[in-house]
Amino acid sequence: MNNELKQDFTRRLSQCNSGEMIVIIYDILFAYLDDAKKAHENEQYEGQKDAIRKSQRVLDELMGSLDFSYEISHNLRALYQFCKNELSRAMYENRMDGLDETEKIMRRLYGAFVEAAKQDQSEPVMKNTQQVYAGMTYARCALNEDFVDNGNQRGFLV
């Protein structure tokens, strides 16, 4: 994952609510799966293993965020565990079919979480962050982002 993508995820996380956060976590998973596929194509097996391990940690994060007071959480946990096992198999057998199966399952779930996030009207998870406004204001063919500084009120409050 390149630095530009990391900065984009960081910016999105600083502005999101809880529903959007799950969507961003899925996007991070897909970025790591892409990294694993690229490393496999370039025969960089250590990079491939590293990307798969990071993908598994993302799945651990998704499993940890489940609320088991809802019945569907048990089904999601089983799917996440299956995907994690498929990634393990892909890493140790050096085959990409496990990555493809994981991506196929997670893409289907992703669509459902995107729709759910559209309906989530909760407050942003992080408070006291810089506000980001993006638009095609002064650049002809580029997207400009403006940050509104909250002065000394930004960050952690003690």
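Student: Which residue forms a salt bridge with K54, and how far apart are the closest N and O atoms?

Tutor: The general idea is that side chains of opposite charge can pair when their charged atoms come close. Here K54 pairs with D50, and their closest N and O atoms are 3.4 Å apart. To count as a salt bridge, a side-chain nitrogen of Lys or Arg must be within 4 Å of a carboxyl oxygen of Asp or Glu. Bear in mind that this is a predicted model, where local features need pLDDT of at least 70 and side-chain atom pairs count only at pLDDT 80 or more, while totals for chains, interfaces and linings use all residues. Residues are numbered from 1 along each chain as its sequence is written, and side-chain values use heavy atoms, leaving out hydrogens and water.

Student: Where do K54 and D50 lie?

Tutor: Both sit in helix α3, which covers residues 45–64, and they are four residues apart, about one turn of the helix. Helices are DSSP runs of H or I with at least four residues, strands are runs of E with at least two, and both are numbered from the N terminus. This chain has five helices and two strands, in the order α-α-α-α-α-β-β.

Student: Which residue meets R89 in a salt bridge?

Tutor: That's E86, at 2.8 Å from N to O. R89 is partly exposed at 27%, whereas E86 is buried at 12%.

Student: What about K118 and E115?

Tutor: Their side chains form a salt bridge too, at 3.2 Å from N to O. They are separated by about one helical turn because they lie three residues apart in helix α5 (residues 97–119). K118 is exposed at 55%, and E115 is partly exposed at 43%. Elsewhere, salt bridges that share partners link E86, R89, E93, R95 and D97 into one network.

Student: How many salt bridges does the structure hold?

Tutor: It holds 11.

Student: And what share of contacts joins residues at least 24 apart?

Tutor: A contact means heavy atoms within 4.5 Å. Among contacts between residues at least 6 apart in sequence, 58% join residues at least 24 apart.

Technical notes: Buried < 20%, exposed > 50% of the residue type's maximum accessible area, 1.4 Å probe, protein only.
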